[in-house]
Amino acid sequence: IYQCDWSSDVCSSDLQIFIFLAQLSLLYNAALLLSVTLNLDWAKPRAAGGQFETFPLSIRVIYFGMFIGMIFLLLFLRRHRDTPLQGPEIRLARILALVFAASTIVQLISRSPQEQTNGIPALLIAATFFLLSKRDSRK
């Protein structure tokens, strides 16, 4: 298993790469969620199991709320790229790692092959929040 001394430059640069990839993943998720909210055609096979020709209003409202959440997470990662997490933020990062790990599983078992590819960004985001929590829980 890869062991990391978080004070070393190597581990810090590895985490910076993960944060960058997670930010790209969150941007992709935000674009997809906003596309569902706007009922755009390209999003239909990539969200909600690929089962809708037109997204119901309830799903569109929920996905808009999730879009706002993705923007919050982007800002959270940007803020904590170099700034250590504090007690409650470490717990939040661990919870987010678990949520995105669960999301990865849900995406991968989807009936829609195009939705299954959403598991890759979810996995990157989960790994980033896990590594971020590990970095700052050791300080």
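## A loop residue to start from

Thr83 sits in the loop between α2 and α3. The model described here is predicted. At 39% relative accessibility, Thr83 counts as partly exposed. Its side chain has a polar atom 3.2 Å from the backbone oxygen of Arg79.

Which residues does Thr83 contact, once neighbours within four places in sequence are left aside? They are Arg135 and Asp136. Gln51 is another matter. Thr83 and Gln51 are 32 residues apart in sequence, and their C-alpha atoms are 42 Å apart in space.

## Helix α2

Helix α2 covers residues 57-79. It has 23 residues. From first C-alpha to last it reaches 33 Å, close to the 33 Å expected at 1.5 Å a residue.

Its buried residues are Ile59, Tyr63, Phe67, Met70, Leu73, Leu74, Phe76 and Leu77. Phe72 also lies in this helix, but Phe72 is partly exposed, with a relative accessible area of 45%.

## Helix α3

Helix α3 runs through residues 87-108 and has 22 residues. Its end C-alpha atoms are 32 Å apart.

Which residues of α3 are buried? The list is Glu89, Ile90, Ala93, Leu96, Ala97, Phe100, Thr104 and Gln107. They cover an arc of only 115° around the axis, so they are on the same side of α3. The face turned away from that buried side carries the exposed residues Pro88, Arg91, Leu98, Ile105 and Val106.

Not counting residues up to four places away in sequence, Gln107 touches Glu115, Gln116, Asn118 and Gly119.

## The nonpolar core

The largest nonpolar core has 32 residues. Which of them touch the most other members? Leu26, Phe100 and Phe129 do. Four helices each supply at least two residues of this core: α1 (9-37), α2, α3 and α5 (119-137).

Take Leu26 as an example. With neighbours within four places in sequence left aside, Leu26 is in contact with Met70, Leu73, Leu74, Leu77, Phe100 and Ile125. Phe100 is a buried residue of α3.

## Aromatic pairs

The structure holds five aromatic pairs. One of them joins Phe72 and Phe76. This pair is tilted, with 6.2 Å centre to centre and 35° between the planes. Both residues lie in helix α2, four residues apart, about one turn of the helix. Is Phe76 buried or exposed? Phe76 is buried, with a relative accessible area of 7%.

Phe100 and Phe129 form a stacked pair, 6.5 Å centre to centre with 15° between the planes. The pair links distant parts of the chain: Phe100 is in helix α3, Phe129 is in helix α5, and 29 residues separate them. At 6% relative accessibility, Phe100 counts as buried. Phe129 is buried too, with a relative accessible area of 0%. Phe72, Phe76, Phe100 and Phe129 form one aromatic cluster.

## Ser133 in helix α5

Ser133 has its place in helix α5. Ser133 is buried, with a relative accessible area of 1%. Its side chain reaches the backbone oxygen of Phe130 at 2.8 Å.

What does Ser133 contact, leaving aside neighbours within four places in sequence? Its partners are Leu85, Ile90, Ala93 and Arg94. Among them, Ile90 and Ala93 are buried residues of α3.

## Asn39 in another loop

Asn39 is placed in the loop between α1 and α2. Asn39 is buried, with a relative accessible area of 17%. Its phi is near 60°, a positive value in a residue other than glycine. Most residues other than glycine have a negative phi.

How values were computed: Residues numbered from 1 in each chain as written. Predicted model: local features only at pLDDT ≥ 70, side-chain atom pairs only at ≥ 80, totals over all residues. Heavy atoms only, no water. Expected span 1.5 Å × (residues − 1). Buried < 20%, exposed > 50% of the residue type's maximum accessible area, 1.4 Å probe, protein only. Arc of directions from axis to C-beta. Core = buried A, V, L, I, M, F, W, Y, C linked by side-chain atoms within 4.5 Å. Contact = heavy atoms within 4.5 Å. Polar contact = N/O pair within 3.5 Å; in protein donor to acceptor, adjacent residues only side chain to side chain. Phe/Tyr/Trp six-rings, centres within 6.5 Å; stacked < 30°, edge-to-face > 60°.
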